[in-house]
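Please read the following report alongside the sequence and the model. It moves from particular residues to the chain as a whole.

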Amino acid sequence: MMGDNMFGNTMWAGHWLWMLVIAIVVVIPAWRICQRTGYPGWMGVLILIPIVNLVLLYFIAFADWPADKTGDQNG
């Protein structure tokens, strides 16, 4: 009986907090990796978008890094 659930179709408030924590734990390292490779840090936010996150990982893995060309390691 699906109708007996007192929460209905709403999501538990803790769920949103958990999602925020996971997003922060994933975005911060991705942001730093993008900065260290010489790309803008905001590209790290793309890691949250399905399929785009795989494209970002392959891009970072196989592209020529601007930091390698300039010698700048940002950290």
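Two aromatic pairs occur in this structure, which is a predicted model. One of the two aromatic pairs is formed by Tyr 39 and Phe 59, whose rings are tilted, with 5.1 Å from centre to centre and 55 degrees between the planes. This pair links distant parts of the chain, since Tyr 39 sits in the loop between H1 and H2 while Phe 59 belongs to helix H2, 20 residues apart. The two partners can also be described by their accessibility: Tyr 39 counts as buried because its relative accessibility is 14%, which falls under the 20% limit for that class, whereas Phe 59, with a relative accessible area of 35%, is partly exposed.

What is Thr 37 in contact with, leaving aside its neighbours within four places in sequence? The residues are Ile 60, Trp 65, Pro 66 and Ala 67. Thr 37 itself lies in helix H1, which covers residues 13–37, and it is buried, with a relative accessible area of 4%. A polar atom of the Thr 37 side chain also lies 2.9 Å from the backbone oxygen of Cys 34.

Arg 36 has its place in helix H1 as well, and at 39% relative accessibility Arg 36 counts as partly exposed. Although Arg 36 and Trp 65 are 29 residues apart along the chain, their C-alpha atoms are separated by 9.1 Å.

A further residue to look at is Ile 51, placed in the loop between H1 and H2. Ile 51 has a positive phi of about 70 degrees although it is not a glycine. In general, most residues other than glycine have a negative phi. Is Ile 51 buried or exposed? Ile 51 counts as exposed, because its relative accessibility is 61%, and the limit for that class is over 50%.

The accessibility of the residues discussed here can be set side by side.

| Residue | Relative accessible area | Class |
|---|---|---|
| Thr 37 | 4% | buried |
| Tyr 39 | 14% | buried |
| Phe 59 | 35% | partly exposed |
| Arg 36 | 39% | partly exposed |
| Ile 51 | 61% | exposed |

Turning to the chain as a whole, three helices and zero strands are present, and the elements run α-α-α from the N terminus on. Of the 75 residues in the chain, buried residues make up 19%. The chain exposes about 6,100 Å², of which carbon and sulfur atoms supply 73%. Among contacts in the chain with a separation of 6 or more, 40% are accounted for by residues 24 or more positions apart.

The UniProt record, an unreviewed entry, lists residues 12–31 and 43–63 under "transmembrane region". In the model, residues 12–31 are 95% helix and 0% strand, and the end C-alpha atoms of this span lie 29 Å apart. Over residues 43–63, by contrast, the chain is 52% helix and 0% strand, with the end C-alpha atoms 14 Å apart.

The mean pLDDT of the chain is 83, and 79% of its residues reach 70 or more. Where pLDDT is low, predicted coordinates should not be read in detail.

Definitions and conventions
Residues are numbered from 1 along each chain as its sequence is written. This is a predicted model: local features need pLDDT of at least 70, side-chain atom pairs count only at pLDDT 80 or more; totals for chains, interfaces and linings use all residues. Side-chain values use heavy atoms; hydrogens and water are left out. UniProt positions are given in the numbering used here, feature names are shortened, and annotations may be inferred rather than shown by experiment. Helices (H or I, at least four residues) and strands (E, at least two) are DSSP runs, numbered from the N terminus. Buried means under 20% relative accessible area, exposed over 50%, partly exposed in between (1.4 Å probe, protein chains only). Contact means heavy atoms within 4.5 Å. Accessible areas come from the Shrake-Rupley method with a 1.4 Å probe; for residues, only the protein chains shown count as cover. A polar contact is a pair of N or O atoms within 3.5 Å; within protein, one must be able to donate a hydrogen and the other to accept it, and residues adjacent in sequence count only if both atoms are side-chain atoms. pLDDT is the predictor's confidence in each residue, from 0 to 100. Rings of Phe, Tyr and Trp (its six-membered ring) pair if their centres lie within 6.5 Å; planes under 30 degrees apart count as stacked, over 60 as edge-to-face and the rest as tilted.
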